[in-house]
Amino acid sequence: MAREASNSAVLAAVGDLALHGLYDRHAEEGRADSALADASRAFEGADVVFGNVECVLSDGGEPRPDKLCLRGSPVYAGALRTAGFDVVSTANNHSFDFGPEGFERMGQALRLAGIDPVGAGKNLAGALQPVKLTRN
């Protein structure tokens, strides 16, 4: 449903996107997009879609030995874009579960898919880097 141009924008925001565990099977079978199909319908009419990636979307890095580490397939970066996501937060307690390598690969996968990661970085300057979008 196309909206008319206006001076306002509609933001759709969701909480944790925990695309690991049971979702691994969808990715392995080439069905990552289908895992988010219902969510994408909820975003129709939104100008910007935002969520929090509550795992590392990467096939690289080593798990930290001191905690429960959550990792999802990097194919979910493309599935998130297909579902309508524009920006995702990576500022959470799982972003570095697979070290700097896992974090960096996740950022690359997200940017390659056309999604802007925000809220975390290799250092404070990177974490504070804003994302600017123009809509309507």
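β1 and strand β2 (residues 48-53) run parallel and pair over 5 bridges. The model is a predicted one: local features need pLDDT of at least 70, side-chain atom pairs count only at pLDDT 80 or more, and totals for chains, interfaces and linings use all residues. Residues are numbered from 1 along each chain as its sequence is written, and side-chain values use heavy atoms, with hydrogens and water left out.

Strands count as paired if DSSP finds at least two bridges between them. Helices (H or I, at least four residues) and strands (E, at least two) are DSSP runs, numbered from the N terminus.

**The sheet**

- An open sheet is built from 4 strands in the order β1-β2-β5-β6, with parallel pairing.
- Its edge strands are β1 (11-17) and β6 (116-118), each of which pairs on one side only.
- Neighbouring strands of this sheet are turned by 20° against each other on average, direction ignored. Axes here are lines fitted to C-alpha atoms (for helices, over the stretch in contact), and angles run from 0 to 180 degrees between N-to-C directions.
- Asp 16 has Asn 52 of β2 as its bridge partner.
- β2 and strand β5 (residues 87-89) also pair in the parallel sense, over 3 bridges. Asn 52 has Ser 89 of β5 as its bridge partner.
- β2 is mostly covered, with 5 of its 6 residues buried. Buried means under 20% relative accessible area, exposed means over 50%, and partly exposed lies in between (1.4 Å probe, protein chains only).

**Helix α4**

- Which residues of α4 are buried? They are Tyr 76, Ala 77, Ala 79, Leu 80 and Ala 83.
- These residues cover an arc of only 165° around the axis, so they lie on the same side of α4. The arc is taken over the directions from the helix axis to the C-beta atoms.
- An α-helix has 3.6 residues a turn, so residues three or four places apart point the same way.
- Thr 82 belongs to α4 (residues 75-83). Thr 82 counts as exposed because its relative accessibility is 54%.
- The C-alpha atoms of Thr 82 and Asp 97 are separated by 25 Å, although the two are 15 residues apart along the chain.

**Aromatic rings**

- Rings of Phe, Tyr and Trp (its six-membered ring) pair if their centres lie within 6.5 Å; planes under 30 degrees apart count as stacked, over 60 as edge-to-face and the rest as tilted.
- The count by this rule is 3 aromatic pairs.
- Tyr 23 and Tyr 76 form an edge-to-face pair, 6.3 Å centre to centre, with 90° between the planes.
- Tyr 23 lies in helix α1 (residues 23-28) and Tyr 76 in helix α4, so this pair ties together parts that are 53 residues apart in sequence.
- Tyr 23 is partly exposed, with a relative accessible area of 31%. Tyr 76 is buried, at 0%.
- Phe 96 and Phe 103 are stacked, because their ring centres are 4.3 Å apart and their planes meet at 20°.
- Phe 96 counts as partly exposed at 30% relative accessibility, whereas Phe 103 is buried at 9%.

**Charge over a ring**

- The charged end of Arg 71 sits over the ring of Phe 98, 3.7 Å from its centre. The rule asks for NZ of Lys or CZ of Arg within 6 Å of the ring centre and within 35 degrees of the ring normal.
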